[in-house]
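Thanks for coming. I have one model to go through this morning, and I will keep to what can be read from the coordinates.

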Amino acid sequence: SNGFRKLEQIMREGDVPLSDHELGDLRMSLMGHVMTGSEKDEAIKLFLCLTNELIERRRDAELFAKLERVAEDVIATRDEFLGIVSHDIRNMLSGVVSLAALISRLVARGDTPDQILSYTQRIQRAAARMDRLVGDLVDVASIHAGMLAVTREVADPSHVVAEAVDT
């Protein structure tokens, strides 16, 4: 039969350029073919070859689907992270703009340098926090590229607490 000849060709060439549906049809054709003793042995080999090919294709499809889900989860996590960082930077930038406007009014009124200095220090702390957030974004890009370098250092946590209280 035509199906049997196609199967023999596939075995000779070692390539299975068929869809899953076509492979299934060939397997059914093989099962229905009336064969002699030697043809039966060859048919069993062909049947096993086709069955293995279908199994591999199914495994590949399942693996691809899993990898696709993982990639979607990674992208969702990245987008969530970027949303949080963007929100934090926007909030700090809003504080900087407000403090700069307040400083302009204080200078115009002739207020004390101590009060103005306090506001400029808050602007500097907000700018430092924004710089760290931008650094975090760079770290994410480095992680994605597989090139993140981590450096341990001893630090005093009191400035972190003071900064949190100040904001």
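A definition before anything else: a residue is buried under 20% relative accessible area, exposed over 50%, and partly exposed in between.

First, the overall layout. The protein has five helices and zero strands, so the order along the sequence is simply α-α-α-α-α. Of its 167 residues, 19% are buried. The exposed surface comes to about 12,400 Å², and carbon and sulfur atoms supply 58% of that area. As for contacts, take the ones between residues at least 6 apart in sequence: 63% of these join residues at least 24 apart.

Which elements give two or more residues to the largest nonpolar core? That core has 12 residues in all, namely V85, M92, V96, L99, I103, L106, I116, Y119, I123, A126, M130 and L133. The elements giving two or more of them are helix 3 and helix 4. One of the members, A126, is in contact with M92 and V96, once its neighbours within four places in sequence are set aside. As background, nonpolar side chains in soluble globular proteins tend to be buried together.

Next, charges. Side chains of opposite charge can pair when their charged atoms come close. How many salt bridges does the structure hold? There are two. One pairs R78 with D79, with 2.9 Å between the closest N and O atoms. D79 counts as partly exposed, because its relative accessibility is 40%. The other salt bridge joins the side chains of R59 and E56, at 3.1 Å from N to O. Why are R59 and E56 about one helical turn apart? Because they lie three residues apart in helix 3, which covers residues 37-109. E56 has 39% relative accessibility, so E56 is partly exposed as well.

Last, the surface. I143, L148 and V150 make a nonpolar patch of about 300 Å². I143 sits in helix 4, residues 113-145. Is I143 buried or exposed? At 53% relative accessibility, I143 is exposed, because the cut-off for that class is over 50%.

To recap, we have a predicted model with five helices, a 12-residue nonpolar core, two salt bridges and a nonpolar surface patch that includes I143. I will take questions now.

Methods
Residues numbered from 1 in each chain as written. Predicted model: local features only at pLDDT ≥ 70, side-chain atom pairs only at ≥ 80, totals over all residues. Heavy atoms only, no water. Patch = residues over 30% accessible without salt bridge, like charges linked within 9 Å, V, L, I, M, F, W, Y side chains within 5 Å. Areas by Shrake-Rupley, 256 points an atom, 1.4 Å probe, with all protein chains shown as cover. Salt bridge = Lys/Arg side-chain N within 4 Å of Asp/Glu carboxyl O. Helix = DSSP H or I, 4+ residues; strand = E, 2+ residues; numbered from the N terminus. Buried < 20%, exposed > 50% of the residue type's maximum accessible area, 1.4 Å probe, protein only. Contact = heavy atoms within 4.5 Å. Core = buried A, V, L, I, M, F, W, Y, C linked by side-chain atoms within 4.5 Å.
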